[in-house]
Amino acid sequence: MKTNVVQLAEEPKMYETENDISPKRRLELNALMNQRLASAVDLQTQMKQAHWNVKGPSFIGLHELFDKVDEAVESYVDMIAERIVQLGGIAEGTARIAASRSRLAEYPLQIADGMAHVEAVARALSTFGQEARGTIEEANALDDADTADLFTEVSRGIDKWLWFVEAHSQAAK
């Protein structure tokens, strides 16, 4: 059986840039953002998993909702990757890297029921939202308001999608 081994460079490559953030801070920011990129790529594939496999009476509504969440997360993936490159780093967003670094729980593959997908998607969105908020604080500590602002936008979007998803499991009181 063939096994794939992800090889990472000892010292991350940084490209020269006129960006005024110090190389040391840019290196720290890129490591931080590459960690979030891994979770974002994982989140995107989890949204597709839910979109493809949801069943039940709410099928069409959830199928379309999960697709919209996926599209939004895809834009967050792109924003994070582009910010890494803007700071002279290399966006490390392959599936193998994402799988090895993501902090999200594994998506349950055997579920079909719409409400089970709602719960799994809500957990994934919540976990990623928590990571995004932590990244805001870490970027601010590294004096990078732009990265903090990017993750504020991501966090705000994730919270909106979490609201849309959780509304399917919240009864009117």
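The model is predicted, so local features need pLDDT of at least 70 and side-chain atom pairs count only at pLDDT 80 or more, while totals for chains, interfaces and linings use all residues. Residues are numbered from 1 along each chain as its sequence is written, and side-chain values use heavy atoms, with hydrogens and water left out.

**Whole chain**

Show the chain as a cartoon. There are 5 helices and 0 strands, in the order α-α-α-α-α from the N terminus. Helices (H or I, at least four residues) and strands (E, at least two) are DSSP runs numbered from the N terminus. The radius of gyration is 17 Å, close to the 16 Å that the globule rule gives for 173 residues, so the chain is as compact as a globular protein of that length. That radius is taken over C-alpha atoms, and the globule rule is 2.2 Å times the number of residues to the power 0.38. Along its principal axes the C-alpha trace spans about 55 × 50 × 20 Å.

The accessible surface comes to about 10000 Å², with 51% of it belonging to carbon and sulfur atoms; accessible areas come from the Shrake-Rupley method with a 1.4 Å probe, and for residues only the protein chains shown count as cover. Of the 173 residues, 43% count as buried. Buried means under 20% relative accessible area, exposed over 50%, and partly exposed in between (1.4 Å probe, protein chains only). Among contacts (heavy atoms within 4.5 Å) with a separation of 6 or more, 79% join residues 24 or more positions apart.

**Helix 1: Ala 38 and Asn 53**

Select Ala 38 in helix 1. Ala 38 is buried, at a relative accessible area of 0%. Beyond its neighbours within four places in sequence, Ala 38 is in contact with Ile 97, Ala 98, Arg 101 and Ser 102. Its C-alpha atom is 12 Å from that of Tyr 76, 38 residues apart along the chain.

Then select Asn 53, also in helix 1. Asn 53 is partly exposed, at 27% relative accessibility. With neighbours within four places set aside, Asn 53 is in contact with Ile 111, Ala 112 and His 117. The C-alpha atoms of Asn 53 and Asp 113 are separated by 8.6 Å, at 60 residues apart along the chain.

**Helix 2: Val 73**

Move to Val 73 in helix 2 (residues 59-86). Val 73 counts as buried at 1% relative accessibility. Not counting residues up to four places away, Val 73 touches Ala 40, Leu 43, Gln 44 and Ile 158.

**The loop: Asp 143**

Select Asp 143, in the loop between helix 4 (114-141) and helix 5 (145-166). Asp 143 is not a glycine, yet has a positive phi of about 55°. Its relative accessible area is 56%, which makes Asp 143 exposed.

**The second largest pocket**

Finally, select Asp 42, Thr 45, Gln 46, Gln 49, Ala 99, Ser 102, Leu 104, Ala 105, Glu 106, Tyr 107 and Leu 109, which line the second largest pocket. On a 1 Å grid over the protein atoms alone, a pocket is an open set of points where a 1.4 Å probe fits, with protein on both sides within 12 Å along at least five of seven lines; lining residues have an atom within 4 Å of a point. This pocket holds about 160 Å³ of space, a volume being the space filled by probe spheres set on the points, with grid points joined across faces, edges and corners. Helix 1 (residues 23-53) gives the most to the lining, with 4 residues.
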